[in-house]
Amino acid sequence: MPCTVIVGAFWGDEGKGKIISYLALKDNLDFCVRTGSVNAAHTVWHENKKYALHMVPAAFINSKTRLLIAAGANVHVAQFFKEVELTQVQNRIGVDQNASIIEEKHSAQDKASAINKGIGTTGWGVGPALEERVRRTAKLAKDIPELKPYLADEITEINDGLDQGKKVLLEGTQGFMLSLFLGGGYPYVTGRDTGASAIASEAGVGPTRVDDVIIVYKSFMTRVGAGPLPGEITKEEAQKRGWFEISAGTGRDRRSAPFDFDLAKKTAKINGATQAALTKLDCIFPACQGKRSFNDLPTDAKTFVKEVEIRTGVPVTFIGTGPDALDLIDRRK
Ligand code: IMP
Ligand code: MG
């Protein structure tokens, strides 16, 4: 803080939504800016309710936080209205006037593409929508009459907020390894750069204005869709270990693998991580469930956390021990 970027370390679904929702409450965020688009679902559990958000920033659970959709994001208008209704944020959400629109035709193009089928895209049409933006034929938020009450100048709001010392969180999308440019897995990637610098860039925040980059690791790795996953185990083995997951966005099985320390180190460096969050520790060490103090963790879990710190060189400041926003160990002090 005051300006923090949240970036996923692997192939998305690391639990960014949980860390963001915790920070929204605990640090009383003034602003939260969503980058990316509808292909990413950020899960938030709050007061026994589960939200899988594709558009509304995960910080919505703090009623004082101003929520913004970045200039570089793609807005799915129907999904936006559905989630605004669900979360009741009508009076405090804004969409940058120059964010571009993702339309039904983009989803149809995505699903009809043989290449995208092979990659296993989410089918929301984010790739085709970005193509259209590059061609300079995309509709922008300011072209959509229903969005008029929500139009904002996100870039000015955030930069003025930073001038005033407000707390700003830039919410990354998916995971670093899905980056179009940097993850190294091309063509098994998404349609945009998902690295920390790109998150700041989509929101119109210069690199020198960012104070902290929190990289979010899950205690094991998962991937949906095709492409390499080092150390991948079978679905049966994942079920036996208690970490088999189904995608919050598309309902597909998530493939999985144990935590890869070398990859974690590499992604921390490229994203310039200053802190790390380690989520779902309770999935690999069930005795961690619901714990809110490091001292209460079993020895094997503590050893794992320390190994992550030693091998990545980044302090693990947040540890997730359950689904609720507040099931978390905060080691910042
Ligand atoms: P697209 O982003 O829909 O074009 O899909 C490209 C690849 O990224 C596919 O392998 C998707 O499964 C994956 N992907 C896209 N968004 C997410 C996400 O939010 N979580 C996990 N995987 C994602
Ligand atoms: Mg997700």
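**Stop one: ligand 1**

The shell around ligand 1 splits into seven nonpolar, seven polar and two charged residues (Ala, Val, Leu, Ile, Met, Phe, Trp, Tyr, Cys and Pro count as nonpolar, Asp, Glu, Lys and Arg as charged, the others, Gly among them, as polar). This is a predicted model, where local features need pLDDT of at least 70, side-chain atom pairs count only at pLDDT 80 or more, and totals for chains, interfaces and linings use all residues. Residues are numbered from 1 along each chain as written, chains are lettered from A and ligands numbered from 1 in written order, and side-chain values use heavy atoms, without hydrogens or water.

Select T190: one of its polar side-chain atoms sits 2.5 Å from an oxygen atom of ligand 1. Taken alone, ligand 1 exposes 470 Å², and the protein buries 96% of that (Shrake-Rupley method, 1.4 Å probe).

**Stop two: the magnesium ion**

Now pick ligand 2, the magnesium ion; its protein donors are D13 (OD) and A41 (O), 2.1 to 2.4 Å away. Donors here are N, O and S atoms within 2.8 Å of the metal (3.2 Å for Na, K and Ca); water is not among the atoms, so sites may look incomplete.

Buried or partly exposed: which is D13? D13 is partly exposed, at 23% relative accessible area, while A41 is buried at 11% (buried is under 20%, exposed over 50%, partly exposed in between; 1.4 Å probe, protein chains only).

**Stop three: L263**

Finally, select L263, which is buried. L263 touches F10, W11, M177 and M221, leaving aside residues up to four places away in sequence (contact means heavy atoms within 4.5 Å).

Note on methods:
A polar contact is a pair of N or O atoms within 3.5 Å; within protein, one must be able to donate a hydrogen and the other to accept it, and residues adjacent in sequence count only if both atoms are side-chain atoms.
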